[in-house]
Amino acid sequence: MRAKKAPLRIITPDGKHDSIKIAKLINYIMRSGKKSVATSIAYEALDLASAQTKKKPLELFDEVIAAITPEMEVRSRRVGGAAYQVPMPVRPRRGFALALRWLVEEANKRPNKQYHTFAEKLAAEMVDVLAGQSGSLARKETSHKNAEANKAFSHFRW
């Protein structure tokens, strides 16, 4: 366990939508410190997805994140030499971080032959989340199924 709680970093909102959530998305997309490239990818993906769904980009993004964010997860807990998978509720910050991570990872898994840019992949992933047939939604369901399957160990919570 940590000696002290890690300090929270202050994240400046993005320039276009003035949203900290979209700034976090940009940071998750970013590779090798190329923030301007990540910014253009995020904005293009939001524009493409909002054009397909006829919703405002911020509303669309909030809906997508709300759909992906898990409520329960399993965490390992050692009791008497055995490790148990104990179901625990997910805190809002962690849930948001998991949702962003899953969104970007599942968009990255999409085939290159079908989509030309990462922005197209990310937009398609967002649209699929709203349609209910996304890889990131499947990850949320898996997390909830694991928590449900290990409900018997919930008394080991700390």
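Q: In which helix does Glu125 lie?
A: In this predicted model, Glu125 is part of helix α5.

Q: Why is Glu125 called buried?
A: Its relative accessible area is 2%. Buried means under 20%, so Glu125 counts as buried.

Q: What makes the pairing of Glu125 and Ser136 a polar contact?
A: The side chains of Glu125 and Ser136 are joined at 2.7 Å. The cut-off for a pair of N or O atoms is 3.5 Å, and 2.7 Å is within 3.5 Å, so the pair qualifies.

Q: Which residues is Glu125 in contact with, leaving aside its neighbours within four places in sequence?
A: They are Leu103, Glu106, Ala107, Arg110, Ser134, Gly135 and Ser136.

Q: What describes the packing of two helices?
A: Two packed helices are described by the angle between their axes and the distance between those axes. For α4 (residues 92-109) and α5 (residues 118-131), the angle is about 115 degrees and the axes are 8 Å apart. The crossing of α4 past α5 is right-handed.

Q: Which residues of α4 and α5 meet?
A: From α4 come Leu103, Val104, Glu106, Ala107 and Asn108. From α5 come Phe118, Lys121, Leu122, Glu125, Met126 and Val129. Sorted by kind, the residues of this contact are seven nonpolar, one polar and three charged.

Q: Which residues make the contact between α1 and α2?
A: On the α1 side they are Ile22, Leu25, Ile26, Asn27 and Ile29. On the α2 side they are Lys35, Ala38, Thr39, Ile41, Ala42, Tyr43 and Leu46. By kind, the residues of this contact divide into nine nonpolar, two polar and one charged.

Q: Where is Ser19, and why is Ser19 called buried?
A: Ser19 sits in the segment before α1 (20-29). Its relative accessible area is 10%, and the cut-off for buried is under 20%, so Ser19 is buried. Leaving aside neighbours within four places in sequence, Ser19 is in contact with Pro13, Asp14 and Leu58. A polar atom of the Ser19 side chain lies 3.2 Å from the backbone nitrogen of Lys21.

Q: How far apart are Thr53 and Ser19 in sequence and in space?
A: They are 34 residues apart in sequence and 20 Å apart in space, C-alpha to C-alpha. Thr53 belongs to helix α2 (residues 35-53). A polar atom of the Thr53 side chain lies 2.9 Å from the backbone oxygen of Ala49. Beyond its neighbours within four places in sequence, Thr53 is in contact with Leu60, Val127 and Leu130.

Q: What is the pattern of the protein chain, read along the sequence?
A: The pattern is α-α-α-β-β-α-α-α, which comes to six helices and two strands. Of the 158 residues, 39% count as buried. Among contacts with a separation of 6 or more, residues 24 or more positions apart account for 60%.

Technical notes: Residues are numbered from 1 along each chain as its sequence is written. This is a predicted model: local features need pLDDT of at least 70, side-chain atom pairs count only at pLDDT 80 or more; totals for chains, interfaces and linings use all residues. Side-chain values use heavy atoms; hydrogens and water are left out. Helices (H or I, at least four residues) and strands (E, at least two) are DSSP runs, numbered from the N terminus. Contact means heavy atoms within 4.5 Å. A polar contact is a pair of N or O atoms within 3.5 Å; within protein, one must be able to donate a hydrogen and the other to accept it, and residues adjacent in sequence count only if both atoms are side-chain atoms. Buried means under 20% relative accessible area, exposed over 50%, partly exposed in between (1.4 Å probe, protein chains only). Ala, Val, Leu, Ile, Met, Phe, Trp, Tyr, Cys and Pro count as nonpolar, Asp, Glu, Lys and Arg as charged, and the others, Gly among them, as polar. Axes are lines fitted to C-alpha atoms, for helices over the stretch in contact, and angles run from 0 to 180 degrees between N-to-C directions. A crossing is left-handed if the near helix is turned anticlockwise from the far one by less than a right angle, and right-handed if clockwise.
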